[in-house]
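Subject: Structure handover

Hi,

Here is the structure I promised to send. Please open it first, then read my notes below.

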Amino acid sequence: MKTSTKTMVMCAVCTALICVLAPIAVPIGPVPISLSTFAIMLSAALLGGKAGTAATALYLLIGAVGVPVFAGYSAGLARLAGPTGGYLVGYLALAAIEGAIYFRFGKKRKGAVKYGVLLGGMVLGTVVLYVIGTAWFCVLMHTGLVEALGMCVIPFLPGDAMKMIVIALLVPQLEKGLARAGVQAAQNS
């Protein structure tokens, strides 16, 4: 696939957006509430599965080499390998699933169908993110599933639902603005 300069620039801009928003966090337990999922879901909706995943992977690489872009302005390989590292790795699945579903089934639609497909992609991607992260957490922390769900999933559901609604409202407007500017993500995303 030939990647356009505009797509690469949009990927870089979305990586920067993730790097700026993801560190903003509220520590509530082993997994902090952060804006990382918001930035990743927004990026995947604007870029599609492939470029959205690339932007997310670049964010993870930046954090892995020591730039403090993870929640709470943390960084490093130890963070990726630690108890919450599964959620970081799960961001790749979130971006890939949401972006692919939206670009394949919803991007060219209008109205409720467009919103529904976008929301469905975000929900499915978030479920996979939670499965990866929670399984990783259970293994490393030697906790049971119910305990891990209570610490790492249930407290985040209302906030994630609000993030998804805001993104579903923002994306069509952002797409119109980007189209007027002549910017589009890769079509085979």
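Start at the end of α8: the residue G182 follows this helix, and its phi is positive, near 80°. Helices here are DSSP runs of H or I with at least four residues, strands are E runs of at least two, and both are numbered from the N terminus.

A word on the source. This is a predicted model, with local features needing pLDDT of at least 70 and side-chain atom pairs counting only at pLDDT 80 or more, while totals for chains, interfaces and linings use all residues. Residues are numbered from 1 along each chain as its sequence is written, and side-chain values use heavy atoms, with hydrogens and water left out.

Helix α8

α8 has 24 residues. From first C-alpha to last, α8 reaches 35 Å, close to the 34 Å expected at 1.5 Å a residue (1.5 Å times one less than the number of residues). α8 bends by about 30° at L170; the bend is the angle between axes fitted to the seven residues ending there and the seven starting there. A proline, P172, follows within four residues.

The buried residues of α8 are D160, K163, M164, I167, A168, V171, P172 and E175. Buried means under 20% relative accessible area, exposed over 50%, and partly exposed in between (1.4 Å probe, protein chains only). Their cover includes β2 (33-34), α2, α5 and α6, counting contact as heavy atoms within 4.5 Å.

Pocket

α8 also gives the largest share of the lining of the second largest pocket, four residues. This lining has 22 residues, with V31, P32, S34, Y91 and F156 nearest the pocket's centre. β2, α2, α5, α6 and α8 each supply at least two lining residues. A pocket is an open set of points on a 1 Å grid over the protein atoms alone, where a 1.4 Å probe fits, with protein on both sides within 12 Å along at least five of seven lines; lining residues have an atom within 4 Å of a point.

Core

Which residues touch the most other members of the largest nonpolar core? They are Y59 and Y87, in a core of 47 residues. Such a core joins buried Ala, Val, Leu, Ile, Met, Phe, Trp, Tyr and Cys residues through side-chain atoms within 4.5 Å. α2 gives the largest share, nine residues. Leaving out residues up to four places away in sequence, Y59 touches T15, I18, C19, A22, V69, F70, L88 and Y91.

Elsewhere, V9 sits in helix α1. V9 counts as partly exposed because its relative accessibility is 48%.

Best wishes
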